[in-house]
Amino acid sequence: MTDFTRLAEDIAREAGDMLLAKRPTMSVAPGAVQTKSSPTDVVTTLDRASEQLIRQRILAARPGDRILGEEGGEAPGESDVRWVVDPIDGTVNFLYGLPEWAVSIAVEVNGRIVAGAVNVVPRGEMFTAALGEGAWLGGERLRCNPAVPLGQALVATGFGYDSARRAVQAEVLTAVLPRVRDIRRGGSCAVDLCSVACGRVDAYYERGVNYWDYAAAGLVAAEAGAVIGGLRGRPYNSELTLCAAPGLFEELHDLLAPLDPERDT
Ligand code: LIP
C-alpha cells in the first residue's frame with residue numbers, strides 16, 4: 001500500500017467513524033437537511049461536517065495540497081497533488097438509514113488518480129487501490145467477475161436528481177432491462193463501482209455522476225481488472241460512466257450508444 005493510499009484510508013475511516021457516531025441524532029434534526037440542485041438533491045449537516053474533518057486531516061498531513069470536495073468546491077494550492085473528496089456518496093441512503101453509502105477519497109498527482117479509498121461505512125468495508133498495484137477489500141486482493149454474456153449480466157445503474165434527465169434515464173432503462181439478467185439501483189456510484197470490483201455486480205453505467213463520486217472507486221474498479229470508460233472511446237466522465245470486465249464492457253457499450261443516453265430531453 002502506498003503512503004497516499006494509507007493516508008486516504010486512515011482519513012476515510014475517521015470520517016466514517018464520526019458519521020456513524022453522530023448519525024442518529026444529527027441527520028434527523030430539524031434544519032439538518034437542505035437541498036441543492038433540485039428538491040430531491042439533499043445535503044445534510046453531516047455531509048458538511050465530514051468534508052470539513054477530511055479537509056482538516058489532509059491539510060494537517062500534507063499542507064499545500066489542493067482539495068476538491070463535493071460540498072466545499074476547490075481549495076487552491078501550489079502542489080501537484082490534489083485530493084478529490086466525496087464526504088458522503090449516497091446521501092439519500094444515509095438519510096433513510098439504508099446501508100449503501102460511502103466516504104470516498106482519491107489522490108491525484110499531476111491530474112492522474114494514483115490512490116483511492118472508499119469506506120462503505122454501514123458495512124464496515126474499506127475498499128482501497130493504488131495505481132498499478134491493485135485493489136483490495138480489507139486484506140483481500142480484488143478481481144472483477146470475468147465477462148459474462150450481456151443477457152446474463154447483473155447491471156447496476158443510478159438516476160440523477162433532475163426530473164427531465166430522469167425521464168430519459170427511464171427510457172434508456174426500458175431498452176436495457178429486457179436485455180440483461182437484472183438491474184440494481186443501489187444509490188451510490190462509489191459503492192456500485194466497488195461492487196463491480198469485487199464481483200457483486202457484473203457492470204455499472206450511469207449518466208451525470210460527478211468526479212468526486214467516481215474518482216476513488218473508478219481506480220478500485222480499474223485495478224480489479226474492469227474497464228471503465230465513456231461512450232465511443234472517450235475516457236469516463238460525468239456524461240456517462242460505464243464499467244465492466246473487458247468484453248462485457250463492449251457489449252453494454254454497444255447496447256447503450258444507439259440509445260443516446262447522454263441527452264437530457
Ligand atoms: C449520488 C450518486 C448516485 C446517483 C445519485 C447521486 P450523492 O451521489 O452516487 O450514483 O444515482 O443520484 O448522484 O448525491 O449521494 O453524492
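Two strands are said to pair if DSSP finds at least two bridges between them, and in this predicted model strand β7 and strand β8 (residues 125-130) meet that condition, pairing in the antiparallel sense over six bridges. The two strands form a hairpin with four residues between them, and Gly-124 in the turn has a positive phi of about 65 degrees. One of the bridges sets Val-118 against its partner Phe-127 in β8.

On the side of strand β6 (residues 102-109), β7 also takes part in an antiparallel pairing, here over seven bridges. β6 and β7 again form a hairpin, with two residues between them, and in this turn Asn-110 has a positive phi of about 50 degrees. Ser-104 stands opposite Val-118 in β7, and Ser-104 is also the bridge partner of Asp-86. The latter bridge belongs to the pairing of β5 with β6, which run antiparallel and are joined by seven bridges.

β11 pairs in the parallel sense with strand β12 (residues 182-184), over three bridges, and Ala-156 stands opposite Arg-184 in β12.

Two helices may be described next. In helix α5 (residues 189-197), nine of the nine residues are buried, and the helix is thus mostly covered; among these buried residues are Cys-189, Asp-192, Cys-194 and Ser-195. After α5 comes Gly-199, whose phi is positive, near 85 degrees. Helix α2 (residues 45-61) contains Gln-52, which has a relative accessible area of 48% and is partly exposed, the range for that class lying between 20% and 50%. From C-alpha to C-alpha, Gln-52 and Gly-16 are 13 Å apart in space, and they are 36 residues apart in sequence.

Domain 1 (2-141) and domain 2 (150-259) both give residues to the shell around the ligand, so the ligand lies between them. Of the 16 residues around the ligand, those that come nearest are Asp-89, Gly-90, Phe-159, Tyr-161 and Glu-206. By residue type, the shell divides into five nonpolar, five polar and six charged residues, and its largest share, three residues, comes from strand β5 (residues 81-89).

A backbone N or O atom of Gly-90 lies 2.7 Å from a ligand oxygen atom, a polar backbone atom of Thr-91 is 2.9 Å from a ligand oxygen atom, and for Glu-70 an N or O atom in the side chain is 3.3 Å from a ligand oxygen atom. Taken alone, the ligand exposes 380 Å², of which the protein buries 95%.

Note on methods
Residues numbered from 1 in each chain as written. Predicted model: local features only at pLDDT ≥ 70, side-chain atom pairs only at ≥ 80, totals over all residues. Heavy atoms only, no water. Near = heavy atom within 4 Å. Polar contact = N/O pair within 3.5 Å; in protein donor to acceptor, adjacent residues only side chain to side chain. Areas by Shrake-Rupley, 256 points an atom, 1.4 Å probe, with all protein chains shown as cover. Nonpolar A, V, L, I, M, F, W, Y, C, P; charged D, E, K, R; others polar. Domains from an automatic or database assignment. Buried < 20%, exposed > 50% of the residue type's maximum accessible area, 1.4 Å probe, protein only.
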